[in-house]
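Have the structure open as you read.

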Amino acid sequence: MSNTEQPKTQQDIVIFGGAGDLSFRKLLPALYMAHLHDRLDASTRIIGIGRQPWSVAEYHAFVDSHSPEFIEHHAFTQEDWQRFLERLHYVSLDVTDADSYIKLTNICPEPALRVFYLATAPSLFAQICANLDTAGLVDSQSRVVLEKPLGTDLASARKINTAVAEHFAESQIYRIDHYLGKETVQNLMVLRFGNAIFEPLWRAPYIKSVQITVAESVGVGSRAGFYDGAGAMRDMIQNHLLQLLCIVAMEQPISFDPDDVRDEKLKVLRSLRKMNLNDIRHNTVRGQYTAGASEGTAVKGYSEEANVPAGSKTETFVALKAEINNARWAGVPIFLRTGKRLAKRQSEIVIEFADSPFSIFNAAASTSVNAQKQPNRLIIQLQPEESIQLEMMVKEPGSGMNLTPVKLGLDLHTASDKRRAEAYERLLIDVIKGRLTHFMRRDELEAAWIWVEPILKGWQVLGDKPREYSAGSWGPSASSALMARENLTWHEEA
Ligand code: BG6
């Protein structure tokens, strides 16, 4: 790594895996939106890297036929799109061949701020970083973005991190978890630390339980090649759901600086109670979808999807009960749940507050006995709508003192008429501006693996087979039973 500190007049975003799924579905549409809203410097070029021996025109044709459908309709105009394509370059190279990087060096002027986005298989990360460095393309201001999944277990994650660290300082490494770029996730920090009313109650014994659900209605689609080796635990829980948990559970950071925030998230991960075999048997549920109906259409089961090996035991659903061993959360069960082909796309965090210690509205005074039992809940919905709702009890109009639940609702879309950028756009701009707060630090990522890995191993030791659930349902019945043991139910709206 050289230490050139010259002022950077040129910005280059170099995307390895430039013709891959992630690029044409997410990264290029996000960069188009950033371009459209003047968030990219006039000098910014986007350089797609791929194996295909394409000319720039051929790459444009590929992008043109794949990306526009992933851009919001109202934001797309041919004129803007053509201007965006002018920023887009292409270099065909074999990323494992150090000599071929000369092609990239040749089109990268000095000085330039270079962002290398590695949207390839993680097994290539080490080699790409080494080859970039050897080619003289890495300096102290270069940035590298690492897409998940970063490894398949602790050892492989450490190996990748160590290899990347030979060429980039930690402050140059952006480990992306796109959930941290979602507006509502960022809003959660403001909800917690920008409002005085929640903080005193945000702890045991005032919180009875926490639920974090990321439910998807889609199936594995064309990604079985990757997914079958990963499963829901590695694909979703290890990263997205644990990151959401960190933001829900962390202490107030001393500032919004990257390391202050990440220090607090790390403490949460390190405080997660390790599960032994008994815990794994009782507190985790794996599932795999069978044929069913998704949003009114008949769909295949996981085992019938393209490229899924016969007899696959990969889980497409996980529900589990976690516990955090610290003073704030002792005794509060935390439920995490994610799955594909569930009843609907619904990602949310539900904070269920403790029951009132004593109720003067007893059964005799009320005809709505059940309603009395309903606890206050704060429901933070990330998807499909972005909203915050507080469920409260009010008096039912009329004679008597009957209680009924109502929702105090905040629809975040109507709360402001400012444009809400997609997660990838926001995070890419953060990378360009050098803002690391919403990216994972190495120790965070490794701490997540330290908690997850014994569960993966435990399933193997126990010979655990995923339980079947019909596509379009809310997962295996054992998932509801997990909650029922604590007298709780999942929050599921039709
Ligand atoms: C990705 C997972 O990280 O997140 C996918 O690899 C999953 O399997 C996706 O579908 C969900 O993201 P979102 O933003 O659509 O909820």
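Start at helix α14, residues 442–461: its 20 residues reach 28 Å from the first C-alpha to the last, close to the 28 Å expected at 1.5 Å a residue. That expected span is 1.5 Å times one less than the number of residues. Helices (H or I, at least four residues) and strands (E, at least two) are DSSP runs, numbered from the N terminus. α14 has a kink of about 30° at V452, shortly before the proline P454; the bend is the angle between axes fitted to the seven residues ending at a residue and the seven starting there. After α14 comes G463, with a positive phi near 60°.

A word on what you're looking at: this is a predicted model, in which local features need pLDDT of at least 70 and side-chain atom pairs count only at pLDDT 80 or more, while totals for chains, interfaces and linings use all residues. Residues are numbered from 1 along each chain as its sequence is written, and side-chain values use heavy atoms, with hydrogens and water left out.

Now turn to the ligand. Its shell includes K148, H178, R223, K340 and Q383, where a residue qualifies if one of its heavy atoms lies within 4 Å. By type, the shell divides into two nonpolar, three polar and seven charged residues. Here Ala, Val, Leu, Ile, Met, Phe, Trp, Tyr, Cys and Pro count as nonpolar, Asp, Glu, Lys and Arg as charged, and the others, Gly among them, as polar. Helix α8 (residues 224–249) gives the most to this shell, three residues.

Which side chains make polar contacts (N or O pairs within 3.5 Å)? K148 has a side-chain N or O atom 2.7 Å from a ligand oxygen, H178 has one at 2.8 Å from a ligand oxygen, and a polar side-chain atom of R223 also lies 2.8 Å from a ligand oxygen. Taken alone, the ligand exposes 400 Å², and the protein buries 83% of that; areas come from the Shrake-Rupley method with a 1.4 Å probe.

Q383, from the ligand's shell, is joined to P384 by a cis peptide bond with omega near 0°, and P384 sits in the loop between β14 (377–383) and β15 (387–395). Another cis bond, omega about 0°, joins A204 and P205.

Finally, R341 has a positive phi near 55° without being a glycine. R341 is buried, at 15% relative accessible area (buried is under 20%, exposed over 50%, partly exposed in between; 1.4 Å probe, protein chains only).

Methods:
Polar contact = N/O pair within 3.5 Å; in protein donor to acceptor, adjacent residues only side chain to side chain.
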